[in-house]
Amino acid sequence: MTKPLKLRAEDAEDISVISACLQDALIPFSEMAYLPAEQRFVLAVNRFKWENCDEPRAECESYERVSCGLSFERVTSVRLRALDQANRGEILELLGIMPEDGAIVLLFAGGGAIRLEVERILCHLEDFDEPWPTPWRPRHALDEDAESG
């Protein structure tokens, strides 16, 4: 059993670590909020615990997910691409988080994205609940190609 994650990101390299930890996280659209008065964008996610697997593509004995909070500070604006704000019940699958000049972009399966305009990179991630077992390991096209090749 691993300890709960608690990470802080202040540069592009740090963001890449957080992105790897959150790959395949499931995020209810309703669990995202931009708080303009606080210059903060917050999310509650269910992240897959990749750290339980020795090898990313190897099968593991058991799989787990855990509730995790994520916040981005110093956010001046938020833009959505290919996401319907009216569909608050939608569950999004996070593919990655990419730093750009003056921005951080959250990329989702299906082509959706959220662009956070930021004064500087400042992000916090923290597990806030006990992990629970899941029988499903996220699958990707590369995994399937490797298995059939």
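The model is predicted, so local features require a pLDDT of at least 70 and side-chain atom pairs count only at pLDDT 80 or more, while totals for chains, interfaces and linings use all residues. Residues are numbered from 1 along each chain as its sequence is written, and side-chain values use heavy atoms, with hydrogens and water left out.

**Whole chain**

Display the protein as a cartoon. The secondary structure comprises 2 helices and 11 strands, taken as DSSP runs numbered from the N terminus (helices: H or I, at least four residues; strands: E, at least two). From the N terminus on, the order is β-α-β-β-β-β-β-β-β-β-β-β-α. Next, show the surface: the accessible area is about 8500 Å², of which 51% belongs to carbon and sulfur atoms (Shrake-Rupley method, 1.4 Å probe; for residues, only the protein chains shown count as cover). Of the 149 residues, 39% count as buried, that is, under 20% relative accessible area with a 1.4 Å probe, protein chains only.

**Nonpolar core**

Select Leu 22, Leu 43, Leu 70, Phe 72, Ile 97, Leu 106 and Phe 108. These residues have the most contacts inside the largest nonpolar core, which has 30 residues. Such a core is a set of buried Ala, Val, Leu, Ile, Met, Phe, Trp, Tyr and Cys residues joined through side-chain atoms within 4.5 Å. Helix H1 (12-22) supplies the largest share, 4 residues. Elements that each supply at least two core residues include strand E7 (91-100) and strand E8 (103-108).

Now centre on Leu 22. Leaving aside neighbours within four places in sequence, Leu 22 is in contact (heavy atoms within 4.5 Å) with Val 45, Arg 47, Cys 68, Leu 70, Leu 94, Ile 97 and Leu 125.

**Aromatic cluster**

Select Phe 48, Trp 50 and Tyr 63, which form one aromatic cluster. The whole structure contains 2 aromatic pairs (ring centres within 6.5 Å, using the six-membered ring of Trp; planes under 30 degrees apart are stacked, over 60 edge-to-face, the rest tilted). The rings of Phe 48 and Tyr 63 have centres 5.7 Å apart and planes at 40°, so this pair is tilted. Because Phe 48 lies in strand E4 (residues 40-48) and Tyr 63 in strand E5 (residues 63-73), the pair ties together parts 15 residues apart in sequence. Both Phe 48 and Tyr 63 are buried.

Finally, colour by pLDDT, the predictor's confidence in each residue from 0 to 100. The average is 89, and 87% of the residues score at least 70. Select residues 142-149: here the pLDDT is below 50, and the stretch has 7 contacts beyond near neighbours in sequence.

Definitions and conventions
Buried < 20%, exposed > 50% of the residue type's maximum accessible area, 1.4 Å probe, protein only.
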